[in-house]
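Work through the following exercises with the sequence and the model side by side, and try each task before reading its solution.

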Amino acid sequence: MAFLMVACASQDSTPPLGYDEARAERLFSRGYQDVSDIFIEDVAISQLAIAGMGSLASIDPAIGVEQDGDRLKVSVDGTSMASYPMPAPNDAKAWGALTAAAISASRYHSSDLDTAEPEVLYEAVFDGVLSQLDSFSRYAGREAARENRASRDGFGGIGVRIRLIEEGVLIVSVMENTPAESAGLIDDDLIIAINGTPVEGLSQREVVRQLRGPVRSKVRLTIDRDANESPLAIAVVRQHIVPQTVSYRREGDLAYIRISGFNQRTTDSLKQKIKQAQDDIGEQLEGFVLDLRGNPGGLLDQAVEVSNLFVTGGRIVSTHGRHPDSHQYFSASRSDLAASAPIVVLVDGGSASASEIVAAALQDSGRAVVVGSSSFGKGTVQTVLRLPNQGELTLTWARFHAPSGYALHRRGVLPDICTTGEIEQADQVLALIRAGAMPLSRDLRRRDIDTNDDQAVETLRANCPMRDEESEIDLEVATSLLEDPSLYALALQGPPDTAEAAPEAVPASGG
């Protein structure tokens with residue numbers, strides 16, 4: 001996803017117990033108003049609310065909600081139990097009050113609804129509301145939203161990735177520059193107790209909760225390590241942890257850098273990895289492989305900043321939606337951190353949203369050769385809005401456009417060098433480049449189409465069929481290009497245009 005974050009000063013607090021109609025009214029009123037204000041298409045609040053209340057049937061199928069003339073009827077097994085006057089179509093407060101009242105009436109007649117936790121009721125309603133929108137808009141309840149915020153912004157923790165196994169909690173990996181690393185924890189350590197309490201019987205979520213805590217607080221771990229005869233006692237002081245999204249390894253005289261997502265630390269982490277590669281390889285550095293395969297996206301501002309590390313001028317991306325604030329233009333404003341070293345970007349069918357922004361920016365600017373398959377084509381921007389129950393609404397509010405103007409939604413990024421279709425070996429690809437039959441023409445790569453036209457989308461993407469699973473051919477081609485400057489130049493320059501490119505930053509009608 002490409003997320004635009006909105007500021008919110010409220011903090012998580014202990015959730016109230018039991019269903020409260022006034023509290024529910026505030027929640028639904030806010031949610032309805034947010035969708036009405038923000039969503040990329042105009043949707044009547046009445047349509048949202050009726051669909052939301054109708055989804056109470058997912059808890060108790062006997063519950064029915066339907067419009068009956070100018071009234072809203074709530075029924076059980078087809079028998080009317082309550083009837084309400086219909087508010088004005090876009091009166092969020094009135095529809096929020098009606099939704100809360102309808103739930104109260106339904107709970108009186110349904111033991112399933114009466115015994116359901118408030119969050120279960122909220123989730124049912126919002127699932128119905130969001131069924132009227134697109135597949136990228138969603139609701140996260142209090143617990144899920146907390147995890148989402150931790151993934152984006154970080155949390156108080158120790159910096160390990162874990163997996164539950166029969167013997168205990170296995171540390172799959174220790175993150176760099178974290179309290180866990182400083183305390184001496186290593187990969188494959190087995191946690192058998194936390195703060196003196198055995199981990200046996202705990203769920204993954206319960207283990208995570210115990211490992212996390214306030215920054216600068218201490219957690220005591222009992223560790224079983226193969227090299228030691230007796231368990232180790234290790235105390236770790238929690239710090240602010242943001243999950244790592246960038247990794248680096250040296251491939252001969254090439255720097256291979258993988259970006260798995262875009263969170264608040266991605267750009268800073270990438271800067272460090274680029275510097276590490278430059279120090280590690282020195283003057284022999286032949287270029288960078290930037291692997292975005294399987295990267296589902298993340299924060300929009302981080303995609304812009306990552307692109308800005310390499311692109312020295314011109315547009316990076318623009319966004320356009322219904323809300324006036326959704327029309328934004330982002331341009332390059334920095335020097336090239338990679339010092340003009342050649343770059344190959346790898347993409348596949350799992351490269352989506354923020355990763356597509358980066359690939360398109362580097363491709364359109366001529367800064368990198370893009371290798372792989374057509375990307376996913378998730379060209380919309382979501383904004384995340386905090387709700388009164390500390391849950392979140394993630395709403396699509398804009399579509400983004402490549403520097404050359406085309407909308408990425410559904411069409412995706414077409415690579416310069418395609419490694420799918422009838423191609424099976426890297427040597428075949430390299431031979432096509434040398435023969436002038438690859439890359440795909442610039443005109444094709446930048447072609448804007450009506451993304452509501454299924455046939456047009458399918459025809460364009462058929463030029464380089466999407467691959468869902470990673471293939472070694474991508475890295476083999478990337479390595480060959482970077483090790484042969486003349487071949488890289490051929491791939492970067494490409495065949496001459498067959499038509500004029502699309503105008504810059506013109507919003508498309510589809511998406």
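Both F28 and Y32 are buried, where buried means under 20% relative accessible area, exposed over 50% and partly exposed in between (1.4 Å probe, protein chains only). The model is a predicted one, in which local features need pLDDT of at least 70 and side-chain atom pairs count only at pLDDT 80 or more, while totals for chains, interfaces and linings use all residues. Residues are numbered from 1 along each chain as its sequence is written, and side-chain values use heavy atoms, with hydrogens and water left out.

**Exercise 1.** Determine how the rings of F28 and Y32 are arranged, and then describe the pair that F28 forms with F126.

*Solution.* Begin with the criterion: rings of Phe, Tyr and Trp (its six-membered ring) pair if their centres lie within 6.5 Å, and planes under 30 degrees apart count as stacked, over 60 as edge-to-face and the rest as tilted. The structure holds 4 aromatic pairs. The ring centres of F28 and Y32 are 6.4 Å apart with the planes at 25 degrees, so this pair is stacked. Both residues belong to helix α1 (residues 21-38) and are 4 residues apart, about one turn of the helix; helices (H or I, at least four residues) and strands (E, at least two) are DSSP runs, numbered from the N terminus. F28 and F126 form a tilted pair, at 5.5 Å centre to centre and 45 degrees between the planes. Because F28 lies in helix α1 and F126 in helix α5 (residues 118-130), this pair ties together parts that are 98 residues apart in sequence. Finally, ring pairs link F28, Y32, Y122, F126 and Y139 into a cluster.

**Exercise 2.** Is R367 buried or exposed, and where is its place?

*Solution.* R367 is located in the loop between α11 and β21. Its relative accessibility is 12%, so R367 counts as buried. Leaving aside neighbours within four places in sequence, its contacts (heavy atoms within 4.5 Å) include F310, D336 and Y488.
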